[in-house]
Amino acid sequence: MQKILILHGPNLNLLGDREPEIYGTTRLEDIDARLTARGRERHCEVRSFQSNWEGALIDRIHEARKDGTQAIIINPGGLTHTSVALRDALAAAAIPFIEVHLSNVHAREAFRNQSFLSQLALGVISGLGARGYELALDYLLEEK
Ligand code: DQA
């Protein structure tokens, strides 16, 4: 069975309430539930993890090296634009990943235009709201 890990970075636990005009009204648990169900239909185990702590996300990526995770879908939140350590963890794990952003980071403040992760990503989806996670999952399910 294929195993895919969904990682959500800082502040994404507030989805639904947090700046809904930018991030939409779908809650994180609904996104995760949809992805789990979609995976189950296709005989794929989808597991999700959210943390507001950079180190916890890094630890979870290290764990993924040993738990059979075959691909990662990650929305790193603000860490996208700041975290060399998160990038290094993904590089060390050498697990293919897709970077997802709910908002179009290229149409916002200049500091959001840079991602420390994109260079290593299989692909980047930005600006398609919660649908972006589903498109990323569909891609991974089709490719394997
Ligand atoms: C985000 C975009 C980031 O710039 C921001 O810090 C987030 C969410 C997005 O999903 O659009 O927390 O990753």
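1. G77 is buried, as its relative accessible area is 17% (buried means under 20%, exposed over 50% and partly exposed in between, with a 1.4 Å probe and protein chains only). The model is a predicted one, in which local features need pLDDT of at least 70 and side-chain atom pairs count only at pLDDT 80 or more, while totals for chains, interfaces and linings use all residues. Residues are numbered from 1 along each chain as its sequence is written, and side-chain values use heavy atoms, with hydrogens and water left out.

2. G77 sits in the loop between β3 (71-75) and α4 (84-93), where helices (H or I, at least four residues) and strands (E, at least two) are DSSP runs numbered from the N terminus. Its C-alpha atom is 9.3 Å from that of N52, which is 25 residues away along the chain.

3. G77 is also among the residues nearest the centre of the largest pocket, together with R18, Y23, G78 and R112, out of a lining of 16 residues.

4. G129 is likewise buried, at a relative accessible area of 19%, and belongs to the loop between β5 (123-126) and α5 (131-143). Between the C-alpha atoms of G129 and R38 there are 17 Å in space, against 91 residues in sequence.

5. The axes of α2 (residues 28-41) and α5 come within 10 Å and cross at roughly 20 degrees, and therefore α2 is roughly parallel to α5 (angles under 35 degrees count as roughly parallel, over 145 as roughly antiparallel, 65 to 115 as roughly perpendicular and the rest as oblique).

Notes: 1 Å grid on protein atoms, 1.4 Å probe; cavity = no way out; pocket = protein on both sides within 12 Å on 5 of 7 lines; lining within 4 Å. Axes fitted to C-alpha atoms, helices over the stretch in contact; angles between N-to-C directions.
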